[in-house]
Every structure is written in structure tokens, then in C-alpha cells.
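Please examine the model shown below, and then follow the explanation one region at a time.

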Amino acid sequence: MSKILMGDIACALAAVDAGLKFYAGYPITPSSEIAEALSELLPKHKGIYLQMEDEIGSIMAAIGASYAGYPSMTATSGPGFSLMQEAIGYAAMAEIPVTIIDVMRAGPATGLATQIGEGDLMQAIWGTHGDHPVLVFSPGNVREFYIYTQKALFWAEKLRVPAVVLADEVIGHMKENVELPEPIKIPERRIPDVKPEQYLPYAAVDGDVVPLPPLGSGYLWHMTGSAHGEDGFPTIRPDRVKALLDRLISKTVKHHNELVEYEAYMLDDAEVLVVSFASMGRVSKGVVKELRDRGVKVGLLTPLTMWPFFAPELRAVVDKLNPKKIVVPEINYGQLRILVEWALRGTSVPVIGVNLVNGDLIPPEMIEEAILHG
Amino acid sequence: MRREVYIVGSGGQGVVLMGALLAEAYALKGWNVAQTVIYDAAQRGGLARSEVVVSTDEIYFPKVRIADVVVAFSPDALPGALPKIGDKTLVMVDEEIKDKVPEELKAKVVAIPFSQWAREELHSSKVMNMVALGCILKALGDVSVDEIQRALEERFKGDLLKLNVLAVRMGLEASEF
């Protein structure tokens, strides 16, 4: 028998099962249950739970703990996520692993504090200033919230980048039956194989950054959000700045195939393709199933990794199927649609948005209408 | 087979707990469940809605479309429930709000004295929600008080557990509709 679990609780369990050692946060609906659960669970698993004064403090504490050697995470919703943006850029530049859970509610601003929105997609990818690497995963049910929390924690450590999990209010607050898979453990921090005085924290080996030793292990280094050389100290030398930024940006590009995950559903002979994410991904799946039962040739692609975006994969599907149109249902005014259109630039397939932001899921009838008559 | 239950009331009336218990009871019987909530940003007061969808198949749309059963403790919540009410929906309201039911719903509504029974028979108005939960069990007929009891045991023990089970049993046995 499977057990019933709330999405936010599954996220907290995922973090503990993966080996999370530090959480700092400031409660905000609809993510508060993550903080609540971790405040109980983490101390029992040799971890630290820290309630901070706000979201800026929360992410900075998480980055600081990570610098000290503790895999770390924070959780929030839109308003708090906005406050965290500057620090996310800092983590990207200083290459300190950190995972941010954003349980999306309807915005902008305070918006609808307790109700669903999916409008943080662009912010998750491009929210902080400057070009920067970031990973964005988005679960569509409670089980996936568990899995992608762990994948975010794993890849944040692996690539020394900030990783974001974009859930939404329905996934966060929904209770459903779930069988949890085997946990994905956070990789251990490795001691570099050079002596401390030879250690260059921002040198690259085969294009990837070198291991990050925990503080206290004898390796000390300078950490800054300013452009820096391999030794971590600020530099304005154009060749060094370029090398740093090129390498940062290449992180997600280089690991594209390992990072990108998506679900393909009933694509065979599909004449209409639906692309949808988070809660609307599962709702769209139901619509596609129902229409298939009625003989309508429609298929679905649900990206689980939102960044790096599955542009080449989507392009390949569209080239093969040559659909009459693509329908993109999302609880915002077209953020995923822009990415889809960008991925398909140069093709003539029309991309139709199904957009509704009123605090609720988009009704299946609206998606069906767009598929059949849009 | 899919069942949809929509429970509305004020924050603090136990609407969310009802939905959770109902979902857990169905899961114990091997059904797939999805329980969601909508509430105002307040601990007490404001509207609270709990939606329970259970199915023997996979659940894609996790919210109520047309409810099999609607339970309302607060008249303010009923207009918002209108889109969820179809021809076959059973709408149960607490008898104390009967006169405040919107005109267009009056013909469909069954008034049951949830709060009166809880207060007079069980000496606790708090368990009104459990009385109503008993009525939902009766209306749907898929799960018994045993499953609810197992779900309750996860949360309560001793006298509080007994009281809650008693209240569910009262709703289940007393309701005639």
C-alpha cells in the first residue's frame, strides 16, 4: 500500500533522505510546510534548521553553510524568491552549491497568497542580473517533487551551481498516494588531490570546476561575487574575466544531456502537440488521454527540467511529427510559450497559449477547446 | 470510478481535516486520492475549501469538477461552490445556515443538524465536522467508519479519538437522505 503524502512534506523528506545538512528559511505560504517539517526532521539527522529574519538572510545563510561544507537548501514562494535573486547570482558567481525550492503562488507581488500560479518560470531562469548558470527543475506531482528536490541537490553540488525546484501551490499542498523511489544521495564533498597551498578553487579540470573542500579541512580560499581568477581573488584582466564567464555559462550547456528530462506521452502520429509543465502538465495529460480515447491524434511533452531548456529535444519531436499546432497551457500569460517559440524559431508551426490566472487550475475544457478548435 | 467531494466552511471549522481523513480512508481501501485545499490567509475565519478526488484510475485533474457531494458549514461559501454543483450533486448544509442558502440552490439542499447533534449529543460543537464526515460516508457508501478510525488514530488518541469516532458514527447512522 502506498502512503499519502503532501507535496511539501515529500520535498522535506527528499532533502533529508538525500543527506541535506542545513536549511535556513523564512516561512511563506505555500511552502511553509517544508520549513515546518525540516525543523523537526533535520536536527534528528545531524542537520541544522535555522529560522531567519527574512528571505535575504535565509539564502545568504544557506550559501554560507554550503561554503562551510554543509549541503544546503532554502524554500520559499514568489515574493521571497524575488528577494533571493541577488544572492542566487552570488552563488552562481562564487560557485557555491545551493538549492532553492520555489512553491509558486499567483503573483505579481503578494498576489494570491494561498493559491496557485505558475508565473515564476522566467524569474527562475533569468531572475538575477548578468548571465549566469542555473538549473531549474519542475515536478508535476508529489512523487516528482521528491525526485526533483533530490536531483536539484545532487546537481547543485556536482556543478557548483544554484539549483531551483519550481513546484506550485497545488503540488505543494496536495496530498496524494505516493510510493517513494530509492533516494538519490548528495555527493560527498571531496578533498582536492593537491596540497592546500596549491589549491585553486576556480581552476577547471576537463572544463568542470575542481572539488570544493569543506572549511576546516585545511583549504582556505577567497570567495567573492566579483570577477575573479582561478585563485578566487578579484581581477579585471579581460582574458581571465572571459575565461571565468565562459566556463560558468558552459556548465549547463556541457551537461545538457544529463540534465534535461522530460516525459513524452502518446506522441505517436500526434497531429497536435501539447507542451505543459508543473501542475498543468498533469492536467494536460488527463486531457490528452481523454481525447485519445475519443480518437483525437494528440500527444504531450512535459518538461521536468525547465533549464537548460529541452529546445533540441522539442525541436526533434516537432520535426518528426510535423504537428498542425502546439498548445501550451500554463497558469501565467505565456512564459513557457515564449521558450517553446524560441526553440522552434524558423518553423511555421503555430504555438497557441492557454492562459488563465485566477487562483485555480485551468479547466480541462479550455485545453480541449484549444486542441480541437484553437 | 471517480468520486468528488467539495467541503466548504470557515477557517477553524475542520474543513481541511475532513478532507484529509476522507482521502486517507479511501487510500486505505486502495483507491487513488488527491486532496487539495484553498483557504484565506488566516488561522481563524475566512473561507476554507477542501477538495477530495478519489478514483480507481489515475487522477490527472486533482480538483473537483462536478461534485458528487458538497458539504457547507458557512453560507458565504455556497455561491463559490455553484460551478461544482450539477444535477446529481448532493448538497448537505448545516441546519443552522439553512435560511441563508442562495435561492437558486434551495431545492437541492439537504439540511442536517451537524452542529446541533455535536453540541447536544456529544457535548462538543467542535466535532460537527466529524458528524458531517459520517454523512459523507453514508452518501458515498465506499468506505466504512473503520477506515476513518484508522486515519483518526494517526492524529488522536484516548478520549479525543473516541469522541471523534463517535461523531463520525453518529453522522453515518443518523443521516437519512
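Helices (H or I, at least four residues) and strands (E, at least two) are DSSP runs, numbered from the N terminus. This is a predicted model, in which local features need pLDDT of at least 70 and side-chain atom pairs count only at pLDDT 80 or more, while totals for chains, interfaces and linings use all residues. Residues are numbered from 1 along each chain as its sequence is written, chains are lettered from A and ligands numbered from 1 in the order in which they are written, and side-chain values use heavy atoms, with hydrogens and water left out.

A:Leu215 lies in the loop between strand 11 (208-209) and helix 8 (238-254) of chain A. Its relative accessibility is 32%, so A:Leu215 counts as partly exposed; buried means under 20% relative accessible area, exposed over 50%, and partly exposed in between (1.4 Å probe, protein chains only). Leaving aside residues up to four places away in sequence, A:Leu215 touches A:Tyr67, A:Ala68 and A:Leu220, where contact means heavy atoms within 4.5 Å. From A:Leu215 to A:Glu330 there are 115 residues in sequence and 43 Å in space, C-alpha to C-alpha.

The next topic is a sheet in chain A. Five strands form an open sheet in the order 12-14-13-16-17 (chain A), with mixed pairing; two strands pair if DSSP finds at least two bridges between them. At the edges are strand 12 (262-265) and strand 17 (351-355) of chain A, each of which pairs on one side only. From one strand to the next, the twist averages 20°. Axes are lines fitted to C-alpha atoms, for helices over the stretch in contact, and angles run from 0 to 180 degrees between N-to-C directions. Strand 13 (residues 272-275) and strand 14 (residues 298-303) of chain A run parallel and are joined by four bridges. Within strand 14 of chain A, A:Leu301 is the residue opposite A:Val275.

Helices accompany this sheet. Helix 11 (residues 311-321) of chain A lies across strand 12, strand 13, strand 14 and strand 16 (325-330) of chain A, at about 165° to strand 13 of chain A. Helix 13 (residues 364-373) of chain A also packs on the sheet, where it touches strand 13, strand 14, strand 16 and strand 17 of chain A, and its direction makes about 170° with that of strand 16 of chain A.

Strand 1 of chain A runs antiparallel to strand 9 (residues 175-178) of chain A, and four bridges join them. The bridge partner of A:Lys3 in strand 9 of chain A is A:Val178.

At 0% relative accessibility, B:Cys135 counts as buried.
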